[in-house]
Amino acid sequence: MSGIGEILKAVGDFELFQKCLVLLTMLPCLSVAFHQFCQLFMVPHVPHHCDTSWIRAIGPNLTEEEQLNLTLPRDVDGEYEQCSMYSPVDWDLSSIMEYGLNATEKCSSGWVYPSAQPPSLLTEFDLVCDRKDLNDVSQSIYMLGLLLGAMIFGPLSDRIGRRPVILISIFLQGLFGVGIAFVPHFYVYMAFRCVVGATVSGVTMTILALATEWVGVSSRPKAVLLSHCCFAIGQMLLAGLSYGIRNWRLLEIAGSAPMFALFFYIWVLPESARWLVTKGRIEEAKKLLQKAASINKRTIPPGLLEQLKPETQTKSGSTLDLFRKKHLRKLTLIMSCAWFVNSLVYYGLSLNVTNFGLDIYLTQLAFGAVEIPARVGCIFMLQWFGRKKTQAVLLLLSGLVCLIITGIPEDQPGTSTILAIIGKFTASASFSTSYVYSAELFPTVIRQTGVGLCSMSARVAGIMAPLIRLLGQYHRAIPMAIFGSAPVVGGLLCFLLPETRGTELVDDTGSSHPPAEVCENASSSSENGYMKGKVGGQDNEYTKTTRF
């Protein structure tokens, strides 16, 4: 596109300007990790029983044990029932003690929790018994917010730019995140969480696009995956933060308020030069490119900069453009499926952290720690094996691990946890691959729309994952069987995708071939690694093909 690729090479692939930009993209990922999984620590298991204070009106001198013994039935293990009580009667205390009570009913006056228990979502909003499913429903509502964010912020960033969407998302995330700490009702809590989920999509998707469009081909995976490593560090910090702050409202403030410290992005965060060119804002793009070159202590040849002209044939892409052409339709459907199954297995394991039988804080710490080598290792896997093989094999391994977990007995929580950590490793690496792969497959004019559509499919899976966990009440193996079989199918489909390792980004939808095929066809005509192709209907300058 009008020499933008060559100019970015002159600016520098991954020097001081790009490194500072990647650092800026990493900071919000800490808060993103917090919002993704903080609710797991806000709904701890707490002993509870029905509130039977009605008997105090006729027996004010009863001890607590006497009150419970008269008003609560016992289960088969001899423990007090947590979700039922004896029906209140109008008898006097002596008659109740002599004849006892037989008729039972569900808790009608609320529940009683240990007085020493710190405030939690469970105790404040009574997420027990018939209301316990609201915990998983709330997780699904948050995932719905991620879906809405993908639908809104993906196309919006293609229309108004990467920078404004990032700034809006950061502000709203901080505002509604802190607001959650002051909600009076659980349904208000869910509504605020939905908004926060939408802003999380806005931050993650748009930061991905900004980093991808500034960093050179050889350093592109490194830049994106460093941000993902920061997300893993955020998960580890969440384990420590939630261990030290047991009050859920204070925990929410501690995890959300730091977003306001990122207001300095207004002055330092750059726009994407590629996006500016696609919108015909050439002068702005030139100034930004010259500034980046100055920071990198590089000089852009004047003649090269003058080649940067508006692309008259370039039009803003829409979702329909993804399905009009055969090769784009194929990429879109397969990558959407890959994101769906990847999200399903990732959240299936992550949200199950409380059910593996070990300490939740240590398990979360391990789940976060294992993502760092997964994200870092992904950089080398993408370089050595390419995008297609890495994506397919990691999805297959994630699915197989979950299928193995279904056969582990309940009395071996250690084995299940180790397998879950392995599954989290492969699912995390696969997710990072999906981000890099998708950004390289879709043209610039519809890149955010394409990645946004893939993200939408992932969010649909995220909505389903907590609800699939509810199937465990019928048989404990059902959820893991679903979480395992889906990525196996998705991994096999990925073998049908083209390879994008070492290719330049495609800027418009005019090419009749996917990016890998353009590169392969061009490189085959020259032994020294140089190519001359047609992109957007115009001859490109000779550009060296990078193989890594």
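Trainee: Which helix is the place of Ser398?

Mentor: This is a predicted model: local features need pLDDT of at least 70, side-chain atom pairs count only at pLDDT 80 or more, and totals for chains, interfaces and linings use all residues. Residues are numbered from 1 along each chain as its sequence is written, and side-chain values use heavy atoms, leaving out hydrogens and water. Helices (H or I, at least four residues) and strands (E, at least two) are DSSP runs, numbered from the N terminus. Ser398 lies in helix H18.

Trainee: Is Ser398 buried or exposed?

Mentor: Buried means under 20% relative accessible area, exposed over 50%, and partly exposed in between (1.4 Å probe, protein chains only). Ser398 has 0% relative accessibility, so Ser398 counts as buried.

Trainee: Which residues is Ser398 in contact with, leaving aside neighbours within four places in sequence?

Mentor: Contact means heavy atoms within 4.5 Å. Apart from those neighbours, the partners of Ser398 are Val345, Gly423, Thr426 and Ala427.

Trainee: How many helices and strands does the chain have?

Mentor: The chain has 548 residues, and 56% of them are buried. Among contacts between residues at least 6 apart in sequence, 78% join residues at least 24 apart. The secondary structure comes to 22 helices and eight strands.

Trainee: Is H2 roughly parallel or antiparallel to H9?

Mentor: Axes are lines fitted to C-alpha atoms, for helices over the stretch in contact, and angles run from 0 to 180 degrees between N-to-C directions. H2 (residues 16-37) and H9 (residues 186-214) pack at about 160°, with axes 10 Å apart. Angles under 35 degrees count as roughly parallel, over 145 as roughly antiparallel, 65 to 115 as roughly perpendicular and the rest as oblique. That makes H2, relative to H9, roughly antiparallel.

Trainee: In which loop is Asp126 found?

Mentor: Asp126 has a phi near 50°, a positive value in a residue other than glycine. Most residues other than glycine have a negative phi. Asp126 is partly exposed, with a relative accessible area of 21%. Its place is in the loop between helix H6 (121-125) and helix H7 (133-160).

Trainee: What is the relative accessible area of Cys129?

Mentor: Cys129 is found in the loop between H6 and H7. Phi of Cys129 is near 55°, a positive value in a residue other than glycine. Cys129 is buried, with a relative accessible area of 14%.
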